[in-house]
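User: I have a protein model open and would like to understand how its parts pack together. Could we go through it step by step?

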Amino acid sequence: MCAVSSASMPAPQHKGASQQGGLPPRVGLADVSRCHRLLEQCLVRELNQRQAMALLQRYAGISPVFSGCVWRQLELENPSFFKAYNDRLAAKANSSAHLKVSAASAA
C-alpha cells in the first residue's frame with residue numbers, strides 16, 4: 001500500500017532529472033499536487049486509470065508507479081465518485097461496442 005504523503009517515496013521521474021550522489025529524489029507536496037491536478041484533467045476527459053498513467057508518463061514524465069499510487073489514494077478518499085466514474089466508463093465502453101456490432105451487421 002502506498003501513502004502519497006510519505007516523504008520517503010521516490011519522486012516522479014521527470015525528463016532530464018539528474019540524481020545527486022546516487023540517491024533518488026524525494027517526493028514533495030508539489031509533486032503530489034501536480035500529479036493530482038493532471039489526473040483530475042484525465043478524469044474530465046474520461047480516461048481510465050491505465051490510459052491516464054500512460055499519458056502522464058509520456059507527456060509529463062511521471063512514473064506510472066507514482067501516478068498509480070496517487071490514483072489509488074484518490075479512490076480511497078472518494079469511493080462514491082470512482083464507483084460512479086467507473087460505471088460511466090463501463091457503460092460508455094458497452095455503448096461503443098454495441099454501436100460497432102450494429103454498424104457491422106448493417107453493412
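User: What is the handedness of the crossing of α1 and α2?

Analyst: This is a predicted model, and in it the crossing of α1 and α2 is right-handed.

User: At what angle do those axes cross, and how close do they come?

Analyst: The axis of helix α1, residues 29–44, comes within 10 Å of the axis of α2, and the two cross at roughly 125°. That angle makes α1 oblique to α2.

User: Which residues make the contact?

Analyst: On the α1 side they are Arg34, Cys35, Leu38, Leu39 and Cys42. On the α2 side they are Ala52, Leu55, Leu56 and Ala60. By class, the contact of α1 with α2 has eight nonpolar residues, no polar ones and one charged.

User: Is Cys35 buried or exposed? And is Cys42 buried or exposed?

Analyst: Cys35 is buried, with a relative accessible area of 0%. Cys42 also counts as buried, since its relative accessibility is 3% and the limit is under 20%.

User: Changing topic: how many helices and strands are there in the protein?

Analyst: The protein has four helices and zero strands. Read from the N terminus, its elements run α-α-α-α.

User: How much of the protein counts as buried?

Analyst: Of its 107 residues, 30% count as buried. As for contacts between residues at least 6 apart in sequence, 54% join residues at least 24 apart.

User: Now α2 and α3. At what angle do they cross?

Analyst: Helix α2 covers residues 49–60 and helix α3 covers residues 64–77; their axes come within 9 Å and cross at roughly 135°. This makes α2 oblique to α3. The crossing in which α2 passes α3 is right-handed.

User: Which residues make the contact there?

Analyst: From α2 the contact uses Gln49, Ala52, Met53, Leu56 and Gln57, and from α3 it uses Pro64, Ser67, Gly68, Trp71 and Arg72. These divide into five nonpolar, four polar and one charged.

User: And α1 with α3: at what angle do they pack?

Analyst: They pack at about 75°, with their axes 10 Å apart. An angle from 65 to 115 degrees counts as roughly perpendicular, and α1 and α3 are therefore roughly perpendicular to each other.

User: Which residues of α1 and α3 make the contact?

Analyst: Asp31, Val32, Cys35, His36, Leu39 and Leu43 belong to α1, while Phe66, Ser67, Val70, Trp71 and Leu74 belong to α3. The contact of α1 with α3 has eight nonpolar residues, two polar and one charged.

User: Ser67 was named there. Is Ser67 buried or exposed?

Analyst: Ser67, which lies in helix α3, is buried, with a relative accessible area of 0%.

User: What does Ser67 touch?

Analyst: Leaving aside residues up to four places away in sequence, Ser67 touches Cys35, Leu39, Met53, Leu56 and Ile62. Cys35 and Leu39 belong to the α1 side of the contact with α3, and Met53 and Leu56 belong to the α2 side of the contact with α3.

Definitions and conventions:
Residues are numbered from 1 along each chain as its sequence is written. This is a predicted model: local features need pLDDT of at least 70, side-chain atom pairs count only at pLDDT 80 or more; totals for chains, interfaces and linings use all residues. Side-chain values use heavy atoms; hydrogens and water are left out. Buried means under 20% relative accessible area, exposed over 50%, partly exposed in between (1.4 Å probe, protein chains only). Axes are lines fitted to C-alpha atoms, for helices over the stretch in contact, and angles run from 0 to 180 degrees between N-to-C directions. Angles under 35 degrees count as roughly parallel, over 145 as roughly antiparallel, 65 to 115 as roughly perpendicular and the rest as oblique. A crossing is left-handed if the near helix is turned anticlockwise from the far one by less than a right angle, and right-handed if clockwise. Contact means heavy atoms within 4.5 Å. Ala, Val, Leu, Ile, Met, Phe, Trp, Tyr, Cys and Pro count as nonpolar, Asp, Glu, Lys and Arg as charged, and the others, Gly among them, as polar.
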